[in-house]
Amino acid sequence: MKIALVGYGKMGHIIDQIATKKGHEVVARLNETPTLENLNNPDVVIEFSNPEVAFNNIKVCLENKIPVICGTTGWLDRKAEIEEIAVENNSAFLYGSNFSLGVNLFFALNEKLANLMKDFSEYNIQLEEIHHTHKKDAPSGTAISLAEGIIKNNERFDAWKLEETLNEELGIFAIRQDEVPGTHSVYYKSEVDEIEIKHTAFNRNGFAVGAIIAAEWIIGKSGNFTMNDVLFNKQ
Ligand SMILES: NC(=O)c1ccc[n+]([C@@H]2O[C@H](COP(=O)([O-])OP(=O)(O)OC[C@H]3O[C@@H](n4cnc5c(N)ncnc54)[C@H](O)[C@@H]3O)[C@@H](O)[C@H]2O)c1
């Protein structure tokens, strides 16, 4: 597989190393807007850049009919537009707020627990995420996915809010610490006890491996996909 890396920062470098070890060819490593020339004819683009540039980067690739795996978070207000562009161009797009296998299992567990807890309003729900201090967006894309999984399964909530809350709102508490790759916790707290589920990433390799698996999977497909399609609905 010929991969173009759009965004060659912390994630781009790790994906480069792991993809090369797996026998893939990295044909472009870009820290600038992709063009047909600088992309160098890839089979797939893996995009880990930043929230300000992701929309345009993805658009350029999809309009050139190159499938895109995107891990950049913090630009999701324009995701529906990108999904239309993918369909109009008969191309393929996959956004993952988190590519690691563990977090995708955690997403499924979170939804099951939310469903189990939906009738027990004596439990207040709180989300917490901890990331490194360089992270540009808050809350994390992963925390937003967790919140959406709870909202889908519990009628008490129709939105999340970026703060700790003891009210009938789903609060996300975002903490920034030095070089940590990412921790997410969901707490159900009553007057008498607390249930907590937690995922801790030890390093960034899990995100990179998942993004490469998604890239291998998407080639030859058209439409819009998630990691759920890759990991749990294999076709
Ligand atoms: N989905 C996941 O599993 C996952 C995992 C880790 C990080 N992330 C997200 O991925 C993104 C990148 O993370 P990172 O840690 O590699 O960040 P980083 O800051 O180390 O790297 C971003 C790179 O993008 C480059 N860039 C700037 N403008 C660009 C442009 N116009 N086109 C292409 N590249 C450009 C920068 O020069 C930089 O090298 C962030 O949004 C982060 O939150 C997602």
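Predicted model: local features only at pLDDT ≥ 70, side-chain atom pairs only at ≥ 80, totals over all residues.

User: Let us begin with the overall division. Into which domains is the protein chain divided?

Analyst: The protein chain is divided into domain 1, made of 2-95 + 205-232, and domain 2, which covers 101-201. Taken over C-alpha atoms, the centres of domain 1 and domain 2 are separated by 27 Å. Eight residues from domain 1 and eight residues from domain 2 take part in the contact. On the side of domain 1 that touches domain 2, the elements giving two or more residues are α7 (205-218) and α8 (227-231). That side of domain 1 has three nonpolar, five polar and no charged residues.

User: What does the UniProt record list for residues 1-99?

Analyst: An unreviewed UniProt entry lists residues 1-99 as "domain: Dihydrodipicolinate reductase N-terminal". In the model, the chain over residues 1-99 is 36% helix and 22% strand. The end C-alpha atoms of that stretch are 19 Å apart.

User: How should I read a pair of packed helices?

Analyst: Two packed helices are described by the angle between their axes and by the distance between the axes. Here, the axes of helix α3 (residues 54-63) and helix α4 (residues 79-88) come within 9 Å and cross at roughly 10°. Because angles under 35 degrees count as roughly parallel, α3 is roughly parallel to α4.

User: Which residues of α3 and α4 make the contact?

Analyst: Helix α3 contributes Phe 55, Ile 58, Lys 59, Leu 62 and Glu 63, while α4 contributes Ile 82, Ile 85 and Ala 86. By class, the residues of this contact are six nonpolar, no polar and two charged.

User: Which residues come nearest to the ligand?

Analyst: Of the 26 residues around the ligand, those that come nearest are Gly 9, Lys 10, Met 11, Val 53 and Gly 71. Helix α1 (residues 10-21) gives the most to this shell, with three residues. The shell comprises eight nonpolar, 15 polar and three charged residues.

User: What should I look for in the backbone itself?

Analyst: Most residues other than glycine have a negative phi, and most peptide bonds are trans. Asn 40 is not a glycine, yet its phi is positive, at about 65°. Asn 40 lies in the loop between α2 (36-39) and β3 (44-47).

User: Where is there a cis peptide bond?

Analyst: The peptide bond that joins Ala 138 and Pro 139 is cis, with omega about 0°. Pro 139 is found in the loop between β6 (124-132) and α6 (141-153).

Technical notes:
Residues numbered from 1 in each chain as written. Axes fitted to C-alpha atoms, helices over the stretch in contact; angles between N-to-C directions. Helix = DSSP H or I, 4+ residues; strand = E, 2+ residues; numbered from the N terminus. Parallel < 35°, antiparallel > 145°, perpendicular 65-115°, else oblique. Contact = placed C-beta atoms within 7 Å. Nonpolar A, V, L, I, M, F, W, Y, C, P; charged D, E, K, R; others polar. UniProt positions renumbered as here; feature names shortened; annotations may be inferred. Near = placed C-beta within 6 Å. Domains from an automatic or database assignment.
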